[in-house]
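Colleague: I have not looked at this one before. Can you take me through it?

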Amino acid sequence: MKMKKFFVTPKKAAVTVGCLLAALAVLGTGSVFAAGAIAQSTSIGADNAKNFAFADAGVDPVTAQGAQAEFEFKQGQFVYEVEFTSDGTEYDYWIKASDGSVVKKTVELVGSDGSKVSLTAKITADDAKEIALADVGLTFSEVNFKEVKLDRDGGVSVYEVEFYTAAREYDYEIDAKTGAIREKSSEALSNPDTPGTPANPGAASIDASRAKEIALSDSGVSSSDATFTKTVLDYDGGVLVYEVEFYTATREYDYEIDATTGAIREKSSEALSNPGNPGTPANPGAASVDASRAKEIALSDAGVSSSDATFTKTVLDYDGGVLVYEIEFYTATREYDYEIDATTGAIREKSSEALSNPGNPGTPTNPGAASIDASRAKEIALSDSGVSSSDATFTKTVLDYDGGVL
């Protein structure tokens, strides 16, 4: 009973464990096991360690695959090493056993070819939340967070932050190294049965599992034959919906299901075929050509060296039931779009256009050299429309090319 008083709070437990560790140098390594047993008995526990990792990663525990937590002694402290996979991303965490704080984390995106790309962040998920809230002028108590995910966009590690109030939904993309806001948007939340009445974004009457069941039942596909690639709770026209995507050996299915009523709002499906052997099902994951090879094919066809090209998009997707790579890149003078068969490597579509300066036609422009910034572009749009900034909510401000013009 007297011993317990040294572990009644996380702080006391941490101090006690620290003293025990210092004593190990005198007592010998045989006492490590005893100290470890004491530290583990007063720790947060494996399940809580997983939850701390899920929260930091912004991952719904339901979607986490292969989650495991092991009690370890790392770099002079007791931690739980937590590993799991979600949405094509592998997570490896060291969670401090005494209080649940994140000691270390590694995040890697896993490509369709098994390749891995490390995501690096100098700011935490909580930092990203604070940046988004500060920009919109809200506090933690006024919002509910739907997603905070470390991802990659255009070669940049970013946090995708989504949250809502009773009346609006907000999406932010924040640079994970600098904390700069790369993109942001918001939209009003309304109840389609009572226009103008805010809907509670969290009030989904059916859960993700039920949404999957509805889609499977409608398609006549058994759960054992289906592989789900997406089950996301989102808004469409102010209506809370589940976006459900899955495939079988022969078909791909897309569903949009009302999260309140369970009604199917939209659905589509298409056959998965191999263009080299029509009618033969293609395995959606079985790309014979990897992303690197697809890039090489595009560069070779364009006559552009890899050192002169900047890639903005390399995505594995389906087009008309065919597994393809959608590839976009630019040089100092031109922009290129390619669609490459992921099974045969054949070029299905391609296009390119000159990058020109509208003030001096024919003169190449540096794609990054915009003379006005996003703020000035917004001012011009507001001035022309006669709308004040206080009355406007921007949903999109993107730098892009149109007909070769930045």
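This is a predicted model: local features need pLDDT of at least 70, side-chain atom pairs count only at pLDDT 80 or more; totals for chains, interfaces and linings use all residues.

Colleague: How many residues are in the protein chain, and what percentage is buried?

Modeller: There are 406 residues in the protein chain, and 32% of them are buried.

Colleague: How many helices and strands does the protein chain have?

Modeller: Seven helices and 19 strands. Of the contacts between residues at least 6 apart in sequence, 41% join residues at least 24 apart.

Colleague: Which residues line the largest cavity?

Modeller: The lining is made of Asp-56, Ala-57, Tyr-93, Lys-105, Val-107, Ala-125, Val-148, Lys-149, Leu-150 and Tyr-159. By type, seven residues of this lining are nonpolar, three are charged and none is polar.

Colleague: Which elements supply at least two residues of that lining?

Modeller: Those are α3 (46-57), β4 (102-110) and β6 (144-153). The largest share is that of β6, with three residues.

Colleague: Let's switch to helix α5. What span should its 12 residues have, and how far apart are its end C-alpha atoms?

Modeller: Helix α5 covers residues 208-219, so at 1.5 Å a residue it should span 16 Å. Its end C-alpha atoms are 17 Å apart, which agrees.

Colleague: Which residues of α5 are buried?

Modeller: Ala-211, Ile-214, Ala-215, Leu-216 and Ser-219 are the buried residues of α5.

Colleague: And what do the buried residues of α5 pack against?

Modeller: They pack against four strands, namely β10 (227-236), β11 (239-247), β12 (251-258) and β13 (264-271).

Colleague: What comes just after α5?

Modeller: Gly-220, which takes a positive phi of about 75°.

Colleague: You mentioned β11. Is Tyr-247 buried or exposed?

Modeller: Tyr-247 is found in strand β11. Its relative accessible area is 19%, and the cut-off for buried is under 20%, so Tyr-247 counts as buried.

Colleague: New topic, Val-136. Where is Val-136 found?

Modeller: In helix α4, residues 125-136. Val-136 is partly exposed, because its relative accessible area is 25%.

Colleague: Which residues does Val-136 touch, leaving out those up to four places away in sequence?

Modeller: Val-136 touches Phe-163, Tyr-170 and Tyr-172. Tyr-170 is 34 residues from Val-136 along the chain, and their C-alpha atoms are separated by 8.8 Å.

Colleague: Last one, Glu-296. Which helix is Glu-296 found in?

Modeller: Glu-296 is found in α6, residues 291-302. With a relative accessible area of 44%, Glu-296 is partly exposed.

Colleague: What separates the C-alpha atoms of Glu-296 and Ser-306?

Modeller: A distance of 8.1 Å, for two residues that are 10 residues apart along the chain.

Definitions and conventions: Residues are numbered from 1 along each chain as its sequence is written. Side-chain values use heavy atoms; hydrogens and water are left out. Buried means under 20% relative accessible area, exposed over 50%, partly exposed in between (1.4 Å probe, protein chains only). Contact means heavy atoms within 4.5 Å. On a 1 Å grid over the protein atoms alone, a cavity is a set of points where a 1.4 Å probe fits but cannot get out, and a pocket is an open set with protein on both sides within 12 Å along at least five of seven lines; lining residues have an atom within 4 Å of a point. Ala, Val, Leu, Ile, Met, Phe, Trp, Tyr, Cys and Pro count as nonpolar, Asp, Glu, Lys and Arg as charged, and the others, Gly among them, as polar. The expected span of a helix is 1.5 Å times one less than its number of residues.
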